[in-house]
Amino acid sequence: MPSTCYRFILMRYLLFIQLVVVVFLSSCQSDTNVQLGFIYSSPETDRYVKEASYFKYYAERQGATVYVEHGNGDAAAQEQKAIELIERGVDGLALIAVNANTAAAIVRKAQEHGVKVMAYNRLIKNSELDFFVSGNNDVLGKMMVDELLRVKPSGEAIILGGDKYDRNAVELMASVKKYLKPHLESGRVSVGYETYIEEWSKENAAYELDQYISNTGRVPDLIFAGFDGIAAGCIEVLKKHNVDKEVFISGQDATLEGVRNIMAGHQQMTAFHPLKKTSEQAAAVMLQLVAGKQKANQLSTATINNGQKEVPVLQIPSVAITRDNLEQVLVDEMGFYTRQEVSN
């Protein structure tokens with residue numbers, strides 16, 4: 001089964017991460033004067049709150065001081081928070097950008113002060129970025145296609161991606177379409193509609209699906225939703241229209257709402273990102289960058305072009321979560337949720 005394959009890949013990468021962290025540990029612990037900043041985009045995204053906390057906890061165990069802030073969804077507010085931390089004297093800054101284009105100004109300001117900048121999850125475009133930590137959107141799109149077509153090999157699909165100004169959304173949309181292509185060419189699957197969902201919003205997704213059903217009179221068999229919140233908006237619309245056929249829906253982030261929808265049989269799958277391990281690895285890499293003990297390309301697994309340079313990147317794979325493996329992976333192996341949380 002596809003989920004077994006992805007779990008194997010995930011475990012192999014996590015082993016790599018653990019080995020790297022062990023290697024870094026002794027050198028990082030002596031960096032008692034290091035100051036780092038972690039500024040995420042908005043507290044509305046629960047995973048970002050958790051990742052900032054994991055990053056802070058790991059780095060402070062190594063002797064660093066970490067300041068955590070967020071932009072409250074406002075690019076200008078995030079830039080101001082970054083300037084304040086840079087002027088405070090941080091050595092490194094991890095950033096989940098509100099706006100991947102305008103955040104280049106933060107990178108320029110940081111470089112003027114000799115501050116290393118790591119883009120976390122969202123690549124900062126057209127800048128001399130030092131490092132990027134992310135998932136693998138090509139693998140993620142394949143995972144969604146494989147899992148939905150495993151249970152429903154034919155039918156009409158719609159694709160609801162994330163925000164078109166987020167490179168992750170663009171890459172994921174391209175990946176889903178790439179891996180759907182042979183199924184479209186065979187005639188087994190058709191795509192009735194595709195669009196990006198502004199701000200990855202549950203409400204915006206609900207509006208798009210409601211309009212599609214109302215205008216066409218058709219209910220899709222497959223919904224490639226780029227995020228659990230988008231999936232949740234679709235589920236609400238299907239209930240509103242009293243849809244009695246089974247519709248198979250993907251998701252991403254393994255949010256509590258998403259995993260509960262999977263347990264209830266409303267959503268087929270979600271993609272779980274190992275947040276704790278990813279955050280810890282990002283903190284370990286940042287400590288090495290600011291210490292100057294490792295070159296960025298020695299810490300990366302690949303590079304990615306941000307429009308100005310080839311940025312070293314560390315890609316952490318995700319794992320497909322379905323009702324079959326949800327409790328085993330998220331509860332037993334990862335301790336991400338309790339059984340009571342996922343069953344409520």
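Contact means heavy atoms within 4.5 Å. The model is predicted: local features need pLDDT of at least 70, side-chain atom pairs count only at pLDDT 80 or more, and totals for chains, interfaces and linings use all residues. Residues are numbered from 1 along each chain as its sequence is written, and side-chain values use heavy atoms, with hydrogens and water left out.

**Figure 1. The protein chain has 13 helices and 13 strands.** Helices (H or I, at least four residues) and strands (E, at least two) are DSSP runs, numbered from the N terminus. The radius of gyration, taken over C-alpha atoms, is 20 Å, close to the 20 Å that the globule rule gives for 344 residues, so the chain is as compact as a globular protein of that length. That rule is 2.2 Å times the number of residues to the power 0.38. The C-alpha trace spans about 60 × 40 × 35 Å along its principal axes.

**Figure 2. Helix H9 (residues 256-263) has Gly258, Val259, Asn261 and Ile262 as its buried residues.** Buried means under 20% relative accessible area (1.4 Å probe, protein chains only). These residues cover an arc of only 155 degrees around the axis, which puts them on the same side of H9; the arc is that of the directions from the helix axis to the C-beta atoms. Their cover includes helices H8 (228-240), H12 (326-333) and H13 (339-343), together with strands S10 (270-272) and S13 (319-321). Gly265, with a positive phi near 85 degrees, follows H9.

**Figure 3. An open, parallel sheet of four strands has the order S7-S6-S8-S9.** Strands pair if DSSP finds at least two bridges between them. S7 (189-196) and S9 (248-249) stand at the edges with a single partner strand each, so one side of each is left without a neighbour in the sheet. Two bridges join S8 (residues 222-225) to S9, and Ile223 stands opposite Ile249 in S9.

**Figure 4. The largest nonpolar core has 28 residues.** Such a core is a set of buried Ala, Val, Leu, Ile, Met, Phe, Trp, Tyr and Cys residues joined through side-chain atoms within 4.5 Å. Leu36, Phe38, Phe55, Met118, Phe131 and Val285 touch the most other members. Among the elements that each supply at least two residues are strand S1 (35-40), helix H2 (46-61) and helix H10 (275-291); the largest share, seven residues, comes from H10. Leaving out residues up to four places away in sequence, Phe38 touches residues including Phe55, Tyr67, Leu93, Ile96 and Tyr120.

Notes. Buried < 20%, exposed > 50% of the residue type's maximum accessible area, 1.4 Å probe, protein only.
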